[in-house]
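Could you have a look at this one with me? I've jotted down a few points to go through alongside the coordinates.

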Amino acid sequence: MAILEILEYPDGILSKPVLPVTDINGDLQQQIDDMAQTMYHAPGVGLAASQVGINQCFLVYDVSPRDDKRSLHVLINPRIVCQEGEILSENEGCLSVPDYRSDVVRFSQIQVEGIDRDGKPISFDAEGYLAIVLQHEIDHLQGILFIDRISVLKRNLYKKRIKKRLRQS
Ligand code: NI
């Protein structure tokens with residue numbers, strides 16, 4: 001297993017949608033294991049393939065409390081087939097958007113379909129924190145960052161800060 005480099009905004013790869021997974025082979029299993037290790041190492045509760053420069057539609061997540069036993073979940077070609085309600089995701093952050101947090105309005109309940117790492121179709125409902133994490137990670141696979149879901153004013157302030165930092169480095 002390996003710890004992969006997590007791409008950071010404004011890397012253009014983060015704003016491109018990924019390709020669907022068509023073959024669940026050994027390479028993919030290896031990438032899943034590497035991504036899980038990278039996520040736990042960061043540490044984070046979710047990681048999408050595009051964040052480590054893999055142009056494939058899958059993600060890993062684990063929302064179990066830190067001291068608890070790990071519970072890794074893998075979602076391949078995930079899609080939200082149903083969404084309703086509203087929840088304020090307070091202080092949302094992202095491994096690809098360092099040193100920035102913001103409140104984001106998310107759906108409070110979603111239904112997700114996809115396949116697991118064995119190729120079995122899965123479908124489940126999620127609400128609350130899990131629903132927030134899944135919306136955030138599925139957004140990544142479509143080239144959307146959480147800063148794309150905040151006000152233009154806030155987003156422009158963040159972009160200005162990053163541009164300034166890049167100039168200085
Ligand atoms: Ni993220």
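Below are my notes on the metal site and the sheet.

1. Ground rules: this is a predicted model, with local features needing pLDDT of at least 70 and side-chain atom pairs counted only at pLDDT 80 or more, while totals for chains, interfaces and linings use all residues. Residues are numbered from 1 along each chain as its sequence is written, and side-chain values use heavy atoms, leaving out hydrogens and water.

2. The nickel ion is held by C94 (SG), H136 (NE2) and H140 (NE2), at 2.1 to 2.2 Å. Donors here are N, O and S atoms within 2.8 Å of the metal (3.2 Å for Na, K and Ca), and water is not among the atoms, so the site may look incomplete. Along the sequence, the donor spacing reads C-x41-H-x3-H.

3. C94 sits in strand β4 (residues 87-94) and H136 in helix α2 (residues 128-141), so this pair ties together parts 42 residues apart in sequence. Helices (H or I, at least four residues) and strands (E, at least two) are DSSP runs, numbered from the N terminus.

4. Both residues come out buried: C94 has a relative accessible area of 12%, and H136 has 7%. Buried means under 20% relative accessible area, exposed over 50%, partly exposed in between (1.4 Å probe, protein chains only).

5. Now the sheet: 5 strands form an open, antiparallel arrangement in the order β1-β2-β3-β6-β7. Its edges are β1 (46-48) and β7 (121-127), each pairing on one side only. Pairing requires at least two DSSP bridges between two strands.

6. Strands β3 (residues 73-84) and β6 (residues 109-115) run antiparallel, joined by 6 bridges. I80 stands opposite V112 in β6.
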